[in-house]
Amino acid sequence: MTKIAVIDYKAGNAPSVMHAVSRLKHEAVFARAPEDISGATHIILPGVGSAGATMQSLGEMGMIPALEEAVLRGKTPFLGICVGLQVLFDHSDEDDVDCLGWLGGRVVKFDGSKVRVPQMGWNQVKFTQKAHVNTQEDYFYFVNSYHAKPEDESVVWGRADYNGAFTAAVHKDNIYATQFHAEKSGEAGLALLNGFLNLKGGA
Amino acid sequence: MLTKRLIACFDIVNGMVTKAVRFQDNIRVAPAGELANTMYEEQIDELIFYDITASAEKRSIDIKTVKDVAGRVFIPFTVGGGLKDLDDMYEALKAGAEKVSVDSMAVRNPQIIADGAKAFGSQCVVLSTQVKRTAGMPSGYEVYIDGARTATGMDAVEWIKRGQDLGAGEVCLNSIDNDGTLGGYDIELMKLAGSAVSLPLIASGGAGKPEHLKTVFTETETQAAIISSMLYSPRMERNYPVRELKEYLAENGVNVRPMREG
C-alpha cells in the first residue's frame with residue numbers, strides 16, 4: 001500500500017502535483033505538518049517561489065527534522081521539484097539562504113546579461129546517469145532564475161543548456177530531484193513522475 | 001536549448017471558450033474543459049485562460065472552470081481575469097493554475113505585482129497588457145484597460161519596464177490594433193518591448209497564418225506566441241493543428257518542442 005505525501009506550503013504548487021498524481025491513478029495526501037509524512041512511502045516536495053520562502057515555510061511547519069528522518073535515515077523515495085531541488089543543496093544565492101544541505105553545492109543565478117531570466121519554457125534534457133527511475137532524452141518545462149552547482153558531479157542526473165550546460169536533475173540513492181516541472185511537462189513529465197511513484201516505497 | 005512556445009489562449013465566458021474580434025462580438029466555441037483536452041492532446045506548449053467578464057461583473061475568477069481545466073492539462077497553465085488581491089491569486093493557484101496574469105487590476109493597483117511576486121515568486125506573475133498605437137506616446141503605444149475600452153494615458157513601454165521593476169516574471173503584450181485581424185503580430189511593438197525589458201515576452205494579437213509565427217520568432221526576441229483563432233475559431237477558413245505549426249516552424253529554423261510520438 002503506497003502512501004504518497006505531497007508537501008503543501010502556501011507558495012508551492014502542490015495542487016498541480018496532485019492533479020498529475022491523480023492522472024497517474026495514484027492517491028496522495030497533502031502534508032502540512034510533520035505527522036503527515038510519517039508512514040509515507042513516497043515524498044514529493046514541489047516548489048515554486050523562492051528558496052528563502054520555501055526554507056522558511058518548511059521551518060515554520062516543523063517539517064525539516066521529519067523530512068530528514070524519513071529521507072536521510074528512513075531512505076524513503078523523495079522527489080524534489082524546481083525549488084524543491086534547489087533547497088537540497090548547502091546554500092542558495094537566492095535570498096542568500098542556507099538550505100537543507102543534503103547535497104553539497106550552491107545554487108546560483110543565470111547570467112541575466114546573456115539570457116532572459118527567468119528561463120521560462122521547454123528545454124531539452126539529456127540524462128547522464130542511470131537511475132531506478134527510467135528516463136530518456138526529452139523536453140521538459142522549466143521556470144527558473146537559479147540553478148544548482150553540485151560539488152559532486154556524480155549526483156547530476158540530467159543536464160540542459162541555457163547559456164551553457166546547467167543541472168536539470170539530480171539523483172543520489174533514494175533522493176531524486178528535477179529543476180523542471182515534471183508535473184507540467186506533458187507526457188514526458190508524467191512518465192518520469194510515474195517512474196518515481198512506482199519505485200518500491202520506503203517507510 | 002530553450003524552445004519557442006506556442007500558447008493557446010482561451011477567452012472564457014460562463015465556462016465556454018469564446019472568440020472575439022478586437023475585443024468585441026464574442027461567439028461561443030466550446031466548453032473550456034473539452035477544448036483544453038484537445039489542445040493538450042495536440043501537444044500545445046502552454047495554456048492561458050482569461051475570464052473576460054470577471055472584472056466587469058466585479059467578481060473573482062471562475063474557480064470551477066480553472067479547476068476543471070487544471071485537472072486535464074499537464075502543461076503550464078496561466079489564468080487571469082478579476083484577480084484583485086493576493087487571496088484571489090492564491091485561490092487560482094490552489095485550483096491548479098501555474099501562473100496568474102494581471103492586467104487592468106495591475107494598472108489600478110501596481111502593488112499587486114509586487115505583492116504577488118513576493119508571495120508566490122516572480123515566475124508566477126504574468127503582466128499582461130492591452131496596447132494600442134497612439135500618436136503622442138513616447139513609445140507610440142498606449143496602455144488600455146477593461147477589455148480595450150478605456151485609455152489610461154500610460155506609455156506601454158514605460159509600463160512594462162515598471163512591471164519588471166515591480167517583480168513580474170513575464171510580460172504578455174496584446175495588440176488591440178492587430179487582435180482578430182489575422183494579419184500578423186505587431187512586430188514593431190515586440191521589438192520595442194524586447195529591447196526595453198529582459199523578461200520573457202509573449203506576443204498576442206493578430207496571428208492568422210503560420211508565417212506570422214515565424215516572423216515574430218525570427219525578427220524579434222519574443223519567446224512565446226499566443227494563438228487562438230488559428231487553432232479553433234469557427235470563423236476561420238481552416239484551423240491549424242499544432243503539429244502542422246510546429247513542423248512548419250522547425251522547417252523554417254525556429255527551435256520548437258518537437259511533437260512527441262507514441
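**Where the chains meet**

The contact between the chains takes 32 residues from chain A and 30 residues from chain B, two residues being in contact if their C-beta atoms, placed from the backbone, lie within 7 Å. On the side of chain A that touches chain B, select α1 (14–23), β8 (119–127), β9 (138–144) and α5 (186–197), the elements of chain A that give two or more residues. Helices (H or I, at least four residues) and strands (E, at least two) are DSSP runs, numbered from the N terminus. The largest share, six residues, comes from β8(A). By class, this side of chain A has 14 nonpolar, 12 polar and six charged residues. Here Ala, Val, Leu, Ile, Met, Phe, Trp, Tyr, Cys and Pro count as nonpolar, Asp, Glu, Lys and Arg as charged, and the others, Gly among them, as polar.

This is a predicted model, in which local features need pLDDT of at least 70 and side-chain atom pairs count only at pLDDT 80 or more, while totals for chains, interfaces and linings use all residues. Residues are numbered from 1 along each chain as its sequence is written, and chains are lettered from A and ligands numbered from 1 in the order in which they are written.

**The sheet of chain A**

Next, select the strands of chain A. Nine of them form an open sheet of mixed pairing, in the order β2-β1-β3-β4-β13-β12-β11-β8-β9; two strands pair if DSSP finds at least two bridges between them. At the edges are β2 and β9 of chain A, each pairing on one side only. From one strand to the next, the twist averages 30°.

Zoom in on β8(A) and β9(A): they run antiparallel and are joined by seven bridges. A:Q119 stands opposite A:N144 in β9(A).

α1(A) lies across β1 (4–7), β2 and β3 of chain A and runs at about 155° to β1(A). α5(A) packs on the sheet, touching β1, β3, β4 (78–81), β9 and β13 (175–178) of chain A, and its direction makes about 90° with that of β9(A). Axes are lines fitted to C-alpha atoms, for helices over the stretch in contact, and angles run from 0 to 180 degrees between N-to-C directions.

**Loops of chain A**

Select A:P118, in the loop between β7 (105–109) and β8 of chain A. The peptide bond from A:V117 to A:P118 is cis, with omega near 5°.

Move to A:D95, in the loop between β5 (91–92) and β6 (97–98) of chain A. Phi of A:D95 is positive, near 65°, in a residue other than glycine. A:N163, in the loop between β11 (156–161) and β12 (165–172) of chain A, also has a positive phi, about 55°, although it is not a glycine.

Leaving aside neighbours within four places in sequence, A:D36 is in contact with A:A5, A:V29 and A:A31.
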